[in-house]
Amino acid sequence: MFFAGLDIGSTITKIVIKTEDEIWTSVIRPTGAEHRRLAHKLMEEALQKANLTFGQLDYIIATGYGRINVPFADRQVTEISCHMRGINWFFPGVKTIIDIGGQDCKGIKVNNGKLVNFVMNDKCAAGTGRFLEVISEALGVKVEEIGDISLRSTNPAKISSLCTVFAEQEALLRLSEGVSIEDILAGIHRGIATRIYSMVERINIEKEVALTGGGVKNVGLRKALEERIGFPAVVPPEPLITGALGAALFAQEYVGRIDKKELETRKKERRLEAVTFFGEGPTRGQNG
Amino acid sequence: MNSKETLYSAGLDIGSALSKAVIMKNRTVLSSSVRPTEGNFSHAANTVLNDALEKAGLSHSDLASIGACGLGASFLAYPFTKITEISCHSRGVNYFFPSVRTVIEVGNQASRVINVTKEGKVADCIVSDRCAAGSSRILQIIAKVLKVDLKDMGPLSLKSTNPVRFTTGCAVFAETEAISRVAEGMRKEDIIAGLHQALAARISAMAQRIKLKEECAITGGGAKDIGLVRAVEGKIEKKLLVSDDPFITGAIGAALIAVEK
């Protein structure tokens with residue numbers, strides 16, 4: 001059987017297709033403004049990559065901030081639950097999850113695979129991937145590279161502003177004072193790590209800690225966070241797909257609760273169709 | 001100080017966005033100069049002072065005192081008296097409006113609500129400098145997104161019939177929101193008015209924490225934006241006095257205080 005999870009994030013969309021035991025395929029693409037059409041397009045891409053047809057998918061769950069815009073999903077589950085489930089699959093002993101997304105940041109407390117508590121910041125860009133994007137753009141460095149660059153720092157600069165806009169200005173000021181880009185970036189990572197740490201600490205950070213989300217692909221931020229927490233954290237092999245994987249795991253669980261006949265009927269009724277918008281011609285769809 | 005004596009003094013306010021200087025003859029402003037700081041405090045501070053001196057037909061040796069405030073004040077090459085921005089703005093507003101007891105300052109880096117005495121001294125103060133969404137910086141960010149000149153923001157805002165509601169309190173996210181609203185075909189007027197409402201709500205929330213006095217004035221770069229001024233007036237339900245040149249209020253205060261020291 002095949003189970004699909006779609007995680008439509010504010011910045012990146014991820015799809016995971018899994019079998020009962022393993023991840024079969026995954027797709028990671030930037031989220032555009034039009035979630036629905038993107039979900040459809042990406043699903044086609046994932047199916048092609050997996051060499052499957054839409055009809056072979058037994059259950060589909062959508063999660064993430066754009067989850068309501070996946071018309072072909074059987075069910076929606078919150079990203080908090082999906083992250084928890086995805087991490088639990090890799091690291092069953094984890095008690096605290098820190099997810100650094102493109103436009104938000106979450107702290108999740110787990111006990112025996114059950115959600116205990118969570119905190120979230122989606123009101124302020126500081127502490128999210130967006131902060132890193134703004135700073136890297138201001139400094140003229142690729143966001144994928146800032147982590148590695150920051151690791152070469154010998155004397156991290158002091159960046160006192162938490163606000164993205166003010167931190168950007170502070171970084172440029174340091175640059176004009178002759179501080180090296182390595183030291184500025186190390187200072188920036190320390191600042192953002194402190195911000196995330198103090199938010200998650202409100203729900204009491206307990207070992208084992210897992211870091212996930214796009215922000216963790218930045219080794220500089222990961223190191224700064226581990227320094228702040230005081231011990232090493234675990235990170236899944238591909239931190240971007242944790243939510244989509246969790247959604248696929250939920251899909252697997254839900255299938256177990258439905259009888260075979262109903263599942264077949266459901267699958268027959270499900271359509272992978274391109275959604276059209278007002279004022280434009282239909283785009284080609286593919287039936288399952 | 002002998003009141004018959006002619007005394008020249010300079011006041012500087014070297015802010016994160018703008019550098020301002022005034023030259024005063026006793027209590028009269030002789031000249032002023034305003035220029036963008038552009039990240040180079042030392043250059044901006046010295047240039048703006050020399051420029052103001054030149055306009056007044058004076059040289060540095062004519063000055064009895066120099067007072068300076070702002071983030072970049074310490075970069076000035078001449079000896080001067082360092083004064084806090086809060087004191088300078090209070091005193092500067094007092095110079096224009098002696099009856100004012102509450103000053104709302106909306107700057108590029110911070111917003112402040114200050115209660116002042118009748119001498120223009122600080123009685124109480126609240127500062128918000130942690131977040132660009134609470135300062136006039138957000139106006140510049142959105143002006144850039146909308147490709148609108150900063151000085152046109154106020155008049156445009158007043159033309160709005162249906163202000164857009166901003167759902168975020170973050171300048172970075174507000175930028176994204178503004179871009180989305182433009183893409184959805186919303187009018188610039190309505191987006192700007194919505195932004196003014198959001199910023200005014202923040203300033204007013206801050207003002208609620210300090211007791212607003214009868215006579216209130218608004219100063220700093222934000223006071224140049226009539227849309228923001230009207231929005232703040234609406235939220236605090238009070239009329240705000242605005243000086244002819246809100247940019248130089250702090251510099252005037254700096255000059256006046258330095259003379260006394």
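Mentor: Let's settle terms: two strands pair if DSSP finds at least two bridges between them, and helices (H or I, at least four residues) and strands (E, at least two) are DSSP runs, numbered from the N terminus. This is a predicted model, in which local features need pLDDT of at least 70, side-chain atom pairs count only at pLDDT 80 or more, and totals for chains, interfaces and linings use all residues. Residues are numbered from 1 along each chain as its sequence is written, while chains are lettered from A and ligands numbered from 1 in the order in which they are written.

Trainee: OK, what's the strand order in the open sheet of chain B?

Mentor: The open sheet has 5 strands in the order β3-β2-β1-β4-β5 (chain B), with mixed pairing. Its edge strands are β3 (28-36) and β5 (81-82) of chain B, each of which pairs on one side only.

Trainee: And how do β1 and β4 of chain B pair?

Mentor: Strand β1 (residues 8-14) and strand β4 (residues 63-69) of chain B pair in the parallel sense over 6 bridges. Within that pairing, Ala10(B) has Ile66(B) as its bridge partner in β4(B), and Leu12(B) has Ala68(B).

Trainee: What about β4(B) with β5(B)?

Mentor: That pairing is also parallel, over 2 bridges, and Gly67(B) has Thr81(B) as its bridge partner in β5(B).

Trainee: Is β4(B) mostly covered or uncovered?

Mentor: β4(B) is mostly covered, with 6 of its 7 residues buried; a residue is buried if 20 or more other C-beta atoms, placed from the backbone, lie within 10 Å of its own, exposed if 12 or fewer, and partly exposed in between.

Trainee: Switching to helices, how do α2 and α8 of chain B cross?

Mentor: The axes of helix α2 (residues 85-96) and helix α8 (residues 249-260) of chain B come within 7 Å and cross at roughly 95°, which makes α2(B) roughly perpendicular to α8(B). Axes here are lines fitted to C-alpha atoms, for helices over the stretch in contact, with angles from 0 to 180 degrees between N-to-C directions; under 35 degrees counts as roughly parallel, over 145 as roughly antiparallel, 65 to 115 as roughly perpendicular and the rest as oblique.

Trainee: Last one: why call α6(A) largely enclosed?

Mentor: Because 14 of the 20 residues of α6(A) are buried.
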